[in-house]
Amino acid sequence: RTIYLKDYRPPAFLIERTELRFALGEDSTQVESRLRLRRNPAAATPAAPLVLDGEDLELLSVRLDGRDLAPGEWVQDAESLTLANVPDAFVLEIVNRIKPQENTRLEGLYKSSGNFCTQCEAEGFRCMTYYIDRPDVMSVFTTTVVGEQARYPVLLSNGNPVEKGVLDDGQHFVTWHDPHPKPSYLFALVAGNLSCLEDSYKTASGREVALRIYVEPHNIDKCDHAMASLKKAMRWDEQRFGLEYDLDIFMIVAVDDFNMGAMENKGLNVFNSKLLLARPDTATDLDYERIEGVIAHEYFHNWTGNRVTCRDWFQLSLKEGLTVFRDQSFTAEVTAGTVKRIDDVRMLRSRQFVEDAGPMAHPVRPPSYMEINNFYTVTVYEKGAEVVRMYETLLGREGFRRGMDLYFERHDGHAVTTDDFLAAMADANGEDLSQFQRWYEQAGTPRVTVEDAWDAASGRYTLTLRQSCPATPGQPEKRPFLIPVAVGLLDAQGRDMPLRLAAEAQAAGTTRVLRLTEAEQQWVFEGLVERPLPSLNRGFSAPVRVSYPYTETQLAFLAAHDADAFNRWDAGEQLATRVLLGLIADIQAGREPALPERFLTAFAAVLTDAGLEAAVKAEMLMLPSENWLAEQMDVIDPDAIHAARSYARRALAGELEAQWLGLYHTHEVSGEYRFDPRDAGRRRLRNLALSYLAALDGKPMRQLAASQFEQADNMTDSLGALAALMLIDGAEREQALATFYDHWRNDPLVLDKWFALQASAQRPDTLARVEQLMQNPAFSIRTPNRVYSLIGAFAGNPTGFHAADGSGYRFIGAQVETLNALNPQVAARMVGVFTRWRRYDAGRQAQMRAELERLQGLDLSRDVYEIVSKSLQ
Ligand code: ARG
Ligand code: ZN
């Protein structure tokens, strides 16, 4: 069954007050709810029955205005409870029972490491009790949690605690009240034996907020970074957007079993423990950075998501795209901005562009879905963030802020749409942004083709931009987008030229944002003394593919000189992509591959450039990923891609061995581990040098890696060494793996890194290794983090998954089948690797398709069915 945006109707009833009582038990949990309902004056039909959502609930009783209803007075089916003929305003009391202990889907109320917790977004609330489970029904919640005092000393829910007490039989209770009306998806409940790190925060207006991070007792020494990140994020949101926190307490809980990253429940965020726990010896720099970003993301949702929420789930990007943009801006401002931008664009191109070109392609605001959980995608999140960034590019930083202020002024406390967001941006700035709407409605990655002409006699330089967008499922034709293309022009020395467009009196600035609105448009720059080299889409101002016929020399020139640091990296990336595609073609044609001299020179220049910041240098020395290269080919050849990239790494390591060693030795970080962008950049570059040297597999490298592995006092260096050792053959590798395992056997989050490294190894015996690791006592198919690190890493291993004999496909297909019955959300994420089957050679196509067809014949969850059926369409 497909749900369409065009079918949206306002809810027939509103819920003014929600009172809940959860009696947590070892066998089952009893839920009592008391709802104050009234007809929605804005409802489409005046006398509609009351329909409540509910799944897998054992209904015990229903009372209306104090009167017990007989079973004939309601109609119950697998997904709802319907009451016809209800008054216009009434109180409904429902009692039902659920079994959190048996909940393997991790939606609604479930148990994790002996504790109770919830995940309600998007539609998990209905797995706990009957409710109007949609985001445009906002209610004031009061929640009483009752549980055994010894097992569950900590009882939490949203808002402020208002009452607590001891009951008979060793039970106790806490009542929580959240004064802010909220949709059910923001509800949360946690109960367990948890330790708490406490701190406090004084808001800009002087209110004290208690901050509490709850974890299992043995993890209490891994919360400091999360707490510091939270305070940083709270300050940043005040300073950048004037947004303050609005309750007396802010709580975060870490849980081990969690489908996604984290969840912004009002006043009570719940986190996957891998995105919260960090200690220098257990978490890498990348973990530290992600934790800071995700803590900020969930905190920022308090305004963009909670205070102003979504009218329906088609509007998901209203909160997610905007909040990702806010967390990206935060990270860029507290760390090295360029590196963050490069990482974000790398990820957008290698994952979102791929999604946009496949059978699951959908606009930032999808027009339909079968299962909403399948739409927590890179398109809704990351492309959605780029769409928000384009407002800022078009309107300027102040203009964007004016738009945000108006958005909150108009919509605080309401459930709204992306149209409302666009209108606030437009109205606050007196602009007509109606064409911008197409970014929400049309799927696919636009292509911008650039042509230039130089007239030496008049000093005029003309840029012609043409846009097009490939067809996507259900959208054969696209209308032109409003595309902000930031452009600069370089002179022969590599300096930016001042820019003056025809009809302008004087030059203004060196980067101009061209507003491309038509299929084809021209801009004429005047007063130039020499033919410039264009630098296009600076800072990745629009999420598009740009093509301009650069020569390799010009790309190398841009990589060395462009004033826009992002474009400097991007020019190098384009050059490397071209070179690697050439090597792939050589290998496919049976020719001996050879690295072009020009590329080697440009690469060496970056490697030895003393003026480059370490983190940026590391970005520039990383070769394009195998997935990104795959995307550039008409028929993907995973073997040739891997062979070409390995060849290039070996050649770059061999030709520049002394320089790599030099880099390695000069970038040692002294002193105690600190997570700071400068130190992290040095560690990143040093570990990159080690991984290049590993391609040579010589004795010096083995010694370096082994001694780094032994001496490391932090996980970044320990894992960097282990990853390098994974690239070589021999006893050192197995020894290091065994040492690592022995040391960390009781820390599942660290073992996840160990699982992932082995599953991503591009070696012939990897599948056998993964199958063996599934028997390891530390592995469990019921814990999403284990599945992602072992099975997910293998699915993302191009040589493993795409093994020509089809063994990888059959293996992942079998895991999807198992997971489908246990946890549909996790299964759906694992089956995603099959969607691109049409891009491969006939042999692989046939095998992937056979696996998809086999799956389609099974009794599938909605989640997996949607992806499998759309892939085969
Ligand atoms: N809203 C959460 C976030 O901050 C993600 C929740 C995803 N949940 C799901 N069932 N898909 O990104
Ligand atoms: Zn989010």
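In what order do the four strands of the open sheet lie? The order is β29-β26-β25-β31, and the pairing in this sheet is mixed. β29 (520-525) and β31 (545-547) each have a single partner strand and stand at the edges, so one side of each has no neighbour in the sheet. From one strand to the next, the twist averages 20°. The model described here is predicted.

Strands of a sheet pair through backbone hydrogen bonds, in either a parallel or an antiparallel arrangement. For β25 and β26 the sense is antiparallel, and nine bridges join the two strands. Among the residues involved, Thr449 has Arg466 of β26 as its bridge partner.

| β29 | 520-525 |
| β31 | 545-547 |

An unreviewed UniProt entry annotates residues 444-548 as "domain: Peptidase M1 alanyl aminopeptidase Ig-like fold". Residues 444-548 are 42% strand and 0% helix.

The surroundings of ligand 1 are described next. Which residues are the closest of the 13 that surround ligand 1? They are Glu121, Met260, Met263, Asn373 and Tyr376. Sorted by class, the shell around ligand 1 holds five nonpolar, four polar and four charged residues. At least two residues of this shell come from β20 (262-263), and at least two come from α2 (285-300).

Conventions:
Residues are numbered from 1 along each chain as its sequence is written. Chains are lettered from A and ligands numbered from 1 in the order in which they are written. This is a predicted model: local features need pLDDT of at least 70, side-chain atom pairs count only at pLDDT 80 or more; totals for chains, interfaces and linings use all residues. UniProt positions are given in the numbering used here, feature names are shortened, and annotations may be inferred rather than shown by experiment. A residue is near a molecule or strand if its C-beta atom, placed from the backbone, lies within 6 Å of it. Ala, Val, Leu, Ile, Met, Phe, Trp, Tyr, Cys and Pro count as nonpolar, Asp, Glu, Lys and Arg as charged, and the others, Gly among them, as polar. Two strands pair if DSSP finds at least two bridges between them. Axes are lines fitted to C-alpha atoms, for helices over the stretch in contact, and angles run from 0 to 180 degrees between N-to-C directions.
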